[in-house]
Amino acid sequence: MPLTKKEDFAGGDENSNFCHFCVNADGSVKSCEEIFEGGVQFFLNQTGGERKMAEKITRKNMSGLPYWQGKDCPILQGEMATDEEFAEVMKKLG
């Protein structure tokens with residue numbers, strides 16, 4: 001999700017690398033699978049698209065974030081959206 005307002009960030013901390021949906025109440029980061037599913041649901045709700053595309057967009061989004069690079073998260077190993085597909089979805093959110 002785009003982090004545009006202070007309340008979008010985890011704990012309201014604008015220096016956080018996470019949105020408030022990606023952390024637990026104690027501030028710990030949710031599992032890769034939980035965040036992935038939340039991302040899929042977010043993109044489905046925002047775009048009204050199909051689940052397969054929402055998964056590809058979520059994979060592309062998460063894989064581009066420093067936190068997930070180098071992490072062994074099998075769910076991120078699937079098919080990813082192209083740069084063009086990703087840009088089109090981000091444009092709709094903008």
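Trainee: Is Gly38 buried, partly exposed or exposed?
Mentor: This is a predicted model, in which local features need pLDDT of at least 70 and side-chain atom pairs count only at pLDDT 80 or more, while totals for chains, interfaces and linings use all residues. Residues are numbered from 1 along each chain as its sequence is written, and side-chain values use heavy atoms, with hydrogens and water left out. Buried means under 20% relative accessible area, exposed over 50%, and partly exposed in between (1.4 Å probe, protein chains only). The relative accessibility of Gly38 is 39%, so this residue counts as partly exposed.

Trainee: In which helix is Gly38 placed, and how far is Gly38 from Thr58 in space?
Mentor: Helices are DSSP runs of H or I with at least four residues, strands are runs of E with at least two, and both are numbered from the N terminus. Gly38 lies in helix 1, which covers residues 32-47. Gly38 and Thr58 are 20 residues apart in sequence, and their C-alpha to C-alpha distance is 9.0 Å.

Trainee: How many helices and strands does the protein chain have?
Mentor: From the N terminus on, the order of elements is α-α-α. The protein chain accordingly has 3 helices and 0 strands.

Trainee: Why is the protein chain described as being as compact as a globular protein of that length?
Mentor: The radius of gyration is taken over C-alpha atoms, and the globule rule is 2.2 Å times the number of residues to the power 0.38. For 94 residues the rule gives 12 Å, and the chain is close to that value, so it is as compact as a globular protein of that length, with a radius of gyration of 13 Å.

Trainee: What is the geometry of the aromatic pair formed by Phe42 and Phe43?
Mentor: Rings of Phe, Tyr and Trp (its six-membered ring) pair if their centres lie within 6.5 Å; planes under 30 degrees apart count as stacked, over 60 as edge-to-face and the rest as tilted. A search of the whole structure finds 3 aromatic pairs. In the pair of Phe42 and Phe43, the centres are 5.2 Å apart and the planes are at 75°, making the pair edge-to-face.

Trainee: Which residues form one aromatic cluster?
Mentor: The ring centres of Tyr67 and Trp68 are 4.8 Å apart with planes at 85°, so this pair is edge-to-face. Tyr67 is partly exposed at 32% relative accessibility, whereas Trp68 is buried at 8%. The cluster consists of Phe18, Tyr67 and Trp68.
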